[in-house]
Amino acid sequence: MPDSPFTDLDRPPLSEKALRKALIRPGSLWSEITVVEETGSTNADLAEEACGGAPEGAVLVAESQVAGRGRLGRVWSAPPRSGLAVSMLFRPGAAAARPARLGWLPLLVGVAAASAVRRVAEVDVRLKWPNDMLVGERKLAGILAERVEGGIVVGMGLNVSLRPDELPVERATSLAVEKAACVDRDPLLRAVLREIETHYREWVSAGGDPDACGLRAAYLASCATIGQEVRVELPGDRTLTGVATGVDASGCLLVRSGREEHTLSAGDVVHVRPAV
């Protein structure tokens with residue numbers, strides 16, 4: 001059976017039926033869970049479904065994603081069933097959906113996913129602003145949010161069982177490389193979605209206020225960028241170097257350069273490591 005998903009026993013397929021049974025219940029956030037064998041981009045597919053009226057809480061998971069995208073249009077790729085490629089549709093209420101607060105949604109997903117991975121995989125995962133997941137300075141996962149009609153699609157790519165020779169770039173890593181306590185994608189995905197639901201419910205109940213629901217404090221506690229000297233590559237081929245001092249009420253990064261503090265809503269952050 002060369003085309004069977006069970007030919008690689010180290011990378012078994014996810015069970016859509018089992019995930020639905022575990023996560024979809026009356027009153028839960030998650031309303032639909034679909035697992036596909038292969039797609040170009042889970043974010044693009046779910047965005048199309050959202051425009052067609054898909055409900056909040058729709059989740060799309062791909063065993064293989066051949067045109068995955070990261071921030072700034074970067075390609076995100078991995079062998080089939082070696083990671084989690086998952087996108088989620090959120091339709092927050094009017095208060096949480098205000099532009100000044102909506103920027104917290106991808107950060108919320110980062111906080112929740114990092115917490116779940118730390119608990120289940122027992123790996124010390126930290127966040128790089130805005131929401132890359134790092135082990136040390138090596139990238140374990142990336143998160144990308146995109147606005148759609150009436151909502152937001154947030155996608156996550158998490159490296160689970162990739163071996164060193166399969167990593168897409170030198171500064172990437174995987175749970176297997178980090179000798180995690182769990183490299184089974186099923187309990188990892190369940191834990192991540194449950195953690196996201198908890199944080200999302202609290203955030204929406206607080207009208208999207210990151211301080212009232214404790215989200216900003218949780219993010220600062222998980223973020224490896226704060227307190228670091230950073231180099232930020234900005235739109236328009238500009239670069240800013242300084243010390244990351246915090247995030248503001250909109251989730252923007254605060255960077256002090258000289259005597260001036262800059263508020264950044266976008267940019268590619270590099271942690272500047274001290275010379276040895």
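Guide: Two strands pair if DSSP finds at least two bridges between them. Helices (H or I, at least four residues) and strands (E, at least two) are DSSP runs, numbered from the N terminus. This is a predicted model, in which local features need pLDDT of at least 70 and side-chain atom pairs count only at pLDDT 80 or more, while totals for chains, interfaces and linings use all residues. Residues are numbered from 1 along each chain as its sequence is written, and side-chain values use heavy atoms, with hydrogens and water left out.

Visitor: What makes β8 and β9 a pair?

Guide: Eight bridges join β8 (residues 138–148) to β9 (residues 151–159); the requirement is at least two, so the strands pair. They run antiparallel, and Leu144 stands opposite Gly155 in β9.

Visitor: Which sheet contains these strands, and which of its strands are called edge strands?

Guide: β8 and β9 belong to an open sheet of seven strands, ordered β1-β2-β5-β9-β8-β7-β6, with mixed pairing. Its edge strands are β1 (32–39) and β6 (126–128), since each pairs on one side only. Neighbouring strands are turned by 20 degrees against each other on average, direction ignored.

Visitor: How do you know that β12 and β13 pair, and what lies between them?

Guide: Five bridges join β12 (residues 253–257) to β13, against a requirement of at least two, so these antiparallel strands pair. Ser257 has Glu260 as its bridge partner, and Val255 stands opposite His262. The two strands form a hairpin with two residues between them, and Gly258 in the turn has a positive phi of about 65 degrees. They belong to an open, antiparallel sheet of five strands in the order β13-β12-β11-β10-β14. The edge strands there are β13 (260–264) and β14 (268–271), and the twist averages 45 degrees from one strand to the next.

Visitor: Which residues make the contact of α4 with α6?

Guide: Trp104, Leu107, Leu108, Val111 and Arg118 in α4 meet Leu215, Arg216, Ala218, Tyr219 and Ser222 in α6, contact meaning heavy atoms within 4.5 Å. By class there are seven nonpolar, one polar and two charged residues.

Visitor: Why is the pair of Trp30 and Phe90 called edge-to-face?

Guide: Rings of Phe, Tyr and Trp (its six-membered ring) pair if their centres lie within 6.5 Å; planes under 30 degrees apart count as stacked, over 60 as edge-to-face and the rest as tilted. By this rule the count comes to four aromatic pairs. For Trp30 and Phe90 the values are 6.1 Å and 65 degrees, so the rings pair and are edge-to-face. Trp30 lies in the loop between α1 (16–23) and β1, and Phe90 in β5 (residues 83–90), so the pair ties together parts 60 residues apart in sequence.

Technical notes. Ala, Val, Leu, Ile, Met, Phe, Trp, Tyr, Cys and Pro count as nonpolar, Asp, Glu, Lys and Arg as charged, and the others, Gly among them, as polar. Axes are lines fitted to C-alpha atoms, for helices over the stretch in contact, and angles run from 0 to 180 degrees between N-to-C directions.
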